[in-house]
Amino acid sequence: MDRVLCQGFAFDIPGFDDSGFLQGKLALLSITTGGTAEMYSKTGVSGDFRYFLWPLQHGTLHFCGFKVLAPQISFAPEFVSEEERKGMLASWSQRLKTIWKEEPIPCTPPWYFGQ
């Protein structure tokens, strides 16, 4: 990331999210976790997963001008049944069919941290 997302290419100052060759391009994170969705909820032991996304989605991708799509998160694929893993893959496959029609998320604190 440090070699590609650099000043003069991915962003410039002033202007950052309004300049650079990446402006307006789509970005999407596809993530797997070692814990369940409940572990990454607001009341879970690891806290709300959106808190983890803030630095990368907002602080890096949005900063460089990307339009950021909602992440594709597969929770604990190592610990679920074969049927559940197939469901995760089917969900991802289905999403990819219409990915170009998705609206970007608002990369603002309320989206990540609530109102």
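Hi everyone, this is a short walk through one protein chain and two of its residues.

What we have is a predicted model, where local features need pLDDT of at least 70, side-chain atom pairs count only at pLDDT 80 or more, and totals for chains, interfaces and linings use all residues. Residues are numbered from 1 along each chain as its sequence is written, and side-chain values use heavy atoms, with hydrogens and water left out.

Let's start with confidence. The chain's mean pLDDT (the predictor's confidence in each residue, from 0 to 100) is 89, and 93% of the residues reach 70 or more.

Now the layout. There are 3 helices and 4 strands; these are DSSP runs, with helices being H or I of at least four residues and strands E of at least two, numbered from the N terminus. Their order from the N terminus is β-β-α-β-β-α-α.

So, is glutamine 72 buried or exposed? Glutamine 72 has 10% relative accessibility and therefore counts as buried, since buried means under 20% relative accessible area, exposed over 50% and partly exposed in between, using a 1.4 Å probe and protein chains only. This residue is in strand β4, residues 72-74. Leaving aside neighbours within four places in sequence, glutamine 72 is in contact (heavy atoms within 4.5 Å) with residues including Leu28, Ile31 and Trp92. Arg95 is also one of these partners.

With 58% relative accessibility, phenylalanine 21 counts as exposed.

Across the chain, buried residues make up 30% of the 115 residues.
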